[in-house]
Amino acid sequence: MPCAGALAAQPQVLRAAVLTSLAGTQEVTLPHVLGPADFAPEGSRVRYRLDFELPAAAVAAAEDEPLGVYVPKMSLAGRLMLNGERVGACDLGALEQLRCLHRPYLFVLPASQWRAGANTLEFEIFATSRQMNGLSSVSIGPARLFGDGPYGWRRFEQVTVANGLAWAAFCMGGIALCVSLALRGECLYGWFGATALAIALSNLNYTLTAPPVPPQFFSWFVFSVNQAMVPLLMLTVLSFFRRDWPWARRGLIAFMLLGPAVVWLSGSNRTVVALLYVPFVLFGPLLAVAAIRWAWRSHRKADLWMALSFFSVVAVSFIDWFRLTGRSAFEGTYFVTYVIPSTIVVMGGTLASQLATALKTARELTATLDKRVAERTEALTLANQRLEELSTTDSLTGLANRRHFDDILAKEWQRARRLRHPLALLMIDVDHFKQFNDTYGHLAGDDCLRQVAQILKQRLLRGSDTAARFGGEEFAVITSMDLEGALHIAELIRQDVENHPVSVDGVDAVHVSVSIGLSALVPDGSRSPAQLISLADEALYRAKRAGRNCVRAAAAQCVAA
Ligand SMILES: Nc1nc2c(ncn2[C@@H]2O[C@H](COP(=O)(O)OP(=O)(O)OP(=O)(O)O)[C@@H](O)[C@H]2O)c(=O)[nH]1
């Protein structure tokens with residue numbers, strides 16, 4: 001029998017109990033797991049009685065430092081009585097509606113409830129075939145010792161850490177499903193999101209002592225979610241490695257849908273649920289090895305993370321299987337509980353980094369494309385400008401070509417008509433050009449035309465004047481002047497040509513002359529641009545007839561010679 005001091009330093013561990021069940025009354029050793037004969041399959045109550053002695057000094061000390069009952073794990077639903085008085089339960093409510101969770105319990109009882117000498121603890125348990133039933137070892141001692149020690153640690157590990165990981169999986173699942181929706185049903189993120197949410201939901205098994213739905217339905221839900229999680233995880237892995245095998249996809253989806261039906265029909269029977277995992281026990285290792293092979297071949301870091309994550313889930317499932325059997329399975333901590341959500345976090349990180357890389361690459365590509373488009377647009381604009389120039393310019397002289405001349409004349413005609421301004425047209429023809437060609441050759445002739453064009457450009461400095469090559473050795477000038485102004489400018493042009501001998505082969509200076517015929521009028525509805533041309537043409541003819549190297553107006557006499 002422990003003394004008060006010993007109890008203060010070292011809690012008393014109770015391992016002997018008397019079990020009263022459907023199978024009768026018997027002495028058992030804790031931790032103890034009930035057999036199928038101990039309870040009705042649909043559920044019935046069993047009772048563990050633990051007798052122990054407490055020194056009077058320990059009870060007296062409990063006034064200052066309350067004693068507690070620490071239970072690492074109770075069964076499906078449990079209620080605790082001390083010396084015939086009810087002192088605790090997993091939760092409030094009818095025992096049949098409650099669940100004791102896979103987590104530790106600490107019942108702190110006031111000194112008045114303990115007795116010096118003989119005490120009796122009774123655990124009443126509602127056992128069903130849905131879950132493993134029994135009672136772990138029970139410890140009595142100062143509540144503070146448990147809080148600082150085994151209870152505190154187990155609570156941190158089984159509640160805080162497990163919940164934290166489940167929340168992380170929940171968040172990642174939510175984000176992944178949003179990404180999948182945003183990417184219009186992208187399978188990989190869809191499967192991963194569903195897996196992560198299934199893992200997070202299965203954690204309700206550890207957090208809900210009084211489910212809002214009937215226990216049978218809740219058990220079915222938890223088993224189904226767990227059942228769905230495995231094929232979902234496999235679909236995620238296959239999709240990540242782009243192994244889109246229709247037969248595998250269809251098989252896994254069918255299994256995912258049939259599993260819950262089988263669980264429901266079996267009444268969430270543990271054996272049936274365990275059997276449903278058999279195909280995965282066979283195919284899980286195969287897929288894990290294949291994933292490692294694919295990752296090895298691809299040399300991609302993300303592939304390796306994904307393969308190792310899945311491999312670790314499979315490996316830890318097997319380790320747990322061998323590690324925890326019988327009573328240890330009831331009381332022990334499953335590694336897989338921590339490894340699966342941790343794996344989801346790693347997989348989520350891998351997918352997120354892959355997404356970030358894809359985004360970065362897309363941005364770089366867009367920037368490159370934008371740059372290329374800008375360069376091409378600039379080149380295209382230049383090419384269009386060049387084309388525009390080519391289509392409006394005479395290639396030999398650089399003056400406006402005939403087509404452009406026609407357009408400008410039409411526009412200027414309309415403008416002058418609107419403003420009631422005069423419009424003048426000069427037709428300029430190089431004299432005896434045939435002779436020039438015959439004497440100096442056609443190339444020199446071209447050069448001569450270029451030099452006459454240059455003289456025209458230099459003389460016509462006003463932006464509104466247009467000089468064009470009308471055809472052959474004939475030039476035309478459109479200017480918004482009256483007859484007097486046009487005669488003046490025509491005479492200046494004639495003199496310019498006369499006074500600037502044309503160089504032939506860069507040396508010879510050959511005198512050439514031009515004859516100019518001009519017409520000027522204020523456009524109105526009774527006349528047309530064609531009439532302006534024919535009047536100027538007629539004047540040019542007259543200039544030629546007058547001996548060339550002179551200017552003639554359509555309705556006036558030759559003014560210069
Ligand atoms: N080199 C060159 N010659 C041209 C070009 N266009 C037309 N010609 C020549 O210009 C000459 C024009 O001759 P004609 O129409 O007889 O007139 P012209 O010899 O100048 O005589 P008048 O106009 O009466 O003074 C022809 O020999 C054409 O071949 C050209 O682009 N380059």
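His299 sits in the loop that links α10 (278–298) to α11 (301–323). Keep in mind as you look around that this is a predicted model. Is His299 buried or exposed? It has 8 C-beta neighbours inside 10 Å, and a residue with 12 or fewer is called exposed, so His299 counts as exposed.

His432 is in the loop between β13 (423–430) and α15 (433–440). Its phi is positive too, near 50°, and again the residue is not a glycine. What about its surroundings? His432 has 14 other C-beta atoms within 10 Å, so it is partly exposed.

The elements on either side of that loop turn up again around the ligand. Which parts of the chain supply at least two residues each to the shell? They include β13 and α15, together with α16 (442–459). There are 17 residues around the ligand, and Phe433, Lys434, His442, Gly445 and Gly472 come nearest. Sorted by class, the shell holds seven charged, six polar and four nonpolar residues.

For a last stop, head back to the loop between β3 (24–29) and β4 (32–33), where you'll find Pro31.

How values were computed
Residues numbered from 1 in each chain as written. Predicted model: local features only at pLDDT ≥ 70, side-chain atom pairs only at ≥ 80, totals over all residues. Helix = DSSP H or I, 4+ residues; strand = E, 2+ residues; numbered from the N terminus. Buried ≥ 20, exposed ≤ 12 C-beta atoms within 10 Å, placed from the backbone. Near = placed C-beta within 6 Å. Nonpolar A, V, L, I, M, F, W, Y, C, P; charged D, E, K, R; others polar.
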